[in-house]
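Please keep the structure in view while reading.

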Amino acid sequence: MKAVLIREFGPPAILRTEEVPRPEVSETGVLVRVRYSSVNPVDWKIRNGSLRLFYGAKFPMRLGFDIAGEVEETGPSVTRFGKGDRVFGMMGYRVRGAYAEYVCADESLLAVIPGNIGFDEAAAIPLAGLTAYQALQDKGEMKEHNSVLVNGASGGVGSFAVQIAKAAGCHVTAVCGTGNAEPVAALGADRVIDYRKEDFAKMTAPYDIIFDAVGVRTFFQVGRCLTKEGRYVTTLPNKPADIAGFVLRPFLSLFGYEKRIRFVNVRPGGEDLRRLALLVEENKLSPLIDRTYELKEIAAAHAYSETGRAKGKILIQVG
Ligand SMILES: NC(=O)c1ccc[n+]([C@@H]2O[C@H](COP(=O)([O-])OP(=O)(O)OC[C@H]3O[C@@H](n4cnc5c(N)ncnc54)[C@H](OP(=O)(O)O)[C@@H]3O)[C@@H](O)[C@H]2O)c1
């Protein structure tokens with residue numbers, strides 16, 4: 001089967017499509033014939049070596065987290081899926097390898113694709129959708145009628161976050177760049193702020209949750225825009241100001257400062273995916289798709305993602 005791999009860290013040009021053996025089906029594994037995958041920024045951060053501390057440097061290295069396809073075969077202990085089922089999921093951190101014609105994924109990672117979408121839209125959902133859901137639900141403790149601000153609302157994660165917060169009955173303010181206001185408003189945002197013209201951190205509206213989907217602000221910059229017990233949730237916990245905010249929080253709460261900073265680190269898993277699938281079935285969640293590339297164009301897909309300008313998700317057509 002064809003699979004994308006790297007034999008060193010480097011620019012998009014080092015991505016190679018090679019013939020590799022089909023994966024063996026494990027006891028609780030599901031062999032999926034992949035139809036579509038999608039690009040997430042973590043894929044090119046692994047490729048260029050900037051995450052080698054977490055993902056190691058063992059080559060050849062397979063890439064890609066998101067899959068959508070058909071079940072080809074199941075392991076003896078698999079109970080939830082059968083041959084021919086349409087499934088989607090986020091591969092585990094250790095296995096990865098979604099840019100391939102076949103993957104073997106543990107059944108706990110998969111969910112059935114809702115009947116009202118195809119493999120393409122399904123492949124857009126797993127990593128980015130799970131990140132948005134877990135950021136708002138688990139870290140942000142989102143409740144109905146909360147006021148939620150999503151920074152980076154036109155990106156893969158942010159475009160899901162706007163819709164998930166809206167579906168939960170929240171008032172949603174979406175922050176995006178010039179030119180993205182229209183697609184972002186179409187996702188259901190109540191208010192759209194163009195970050196190139198206005199700085200939400202200098203405005204007064206207090207938010208219960210500020211979800212920094214692109215991780216470009218800090219807790220100290222935006223803290224004044226949070227309600228008394230508001231939560232700032234970020235996808236990129238690597239800024240010294242945020243780490244200081246996290247470490248100092250117990251001390252600050254002694255003085256009645258109850259605003260919180262939380263980091264999201266997406267967990268793969270079928271349970272949360274089934275919640276997202278339900279929203280899709282109810283027509284409350286629909287992936288925002290920017291471009292589709294073929295597997296052989298994977299280098300161009302990575303290069304485009306690295307521009308940081310994608311409007312929603314970048315798909316890879318595999319089968
Ligand atoms: N911790 C985790 O578990 C986790 C999970 C998923 C993703 N992440 C990280 O989260 C980040 C976002 O992921 P993604 O998939 O959403 O990326 P993405 O789709 O590549 O994000 C692109 C979008 O970001 C917007 N953007 C860029 N700079 C901005 C700014 N200063 N303010 C507001 N919007 C801005 C762009 O809009 P304009 O063109 O209008 O600027 C574009 O639409 C990545 O760094 C990724 O690695 C972390």
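## Strand β12 and its partners

Two strands are said to pair if DSSP finds at least two bridges between them. With that in mind, and remembering that this is a predicted model, one can turn to strand β9 (residues 147-151), which runs parallel to β12 and is joined to β12 by four bridges. Within this pairing, V150 stands opposite F211 in β12.

Strand β12 also pairs with strand β13 (residues 226-234), again in the parallel sense, and here the pairing extends over five bridges. In this case I210 is the residue that stands opposite Y232 in β13. Because six of the six residues of strand β12 (residues 207-212) are buried, this strand is largely enclosed by the rest of the structure.

The antiparallel partner described here is strand β3 (residues 29-39), which five bridges join to β7, and V32 stands opposite V103 in β7.

## The two domains

The chain is divided into domain 1, made of 2-125 + 287-317, and domain 2, which covers 128-263. Their centres, taken over C-alpha atoms, are separated by 28 Å. Eight residues from domain 1 and ten residues from domain 2 take part in the contact, and on the side of domain 1 that touches domain 2 the residues divide into four nonpolar, two polar and two charged.

Key
Residues numbered from 1 in each chain as written. Predicted model: local features only at pLDDT ≥ 70, side-chain atom pairs only at ≥ 80, totals over all residues. Buried ≥ 20, exposed ≤ 12 C-beta atoms within 10 Å, placed from the backbone. Helix = DSSP H or I, 4+ residues; strand = E, 2+ residues; numbered from the N terminus. Domains from an automatic or database assignment. Contact = placed C-beta atoms within 7 Å. Nonpolar A, V, L, I, M, F, W, Y, C, P; charged D, E, K, R; others polar.
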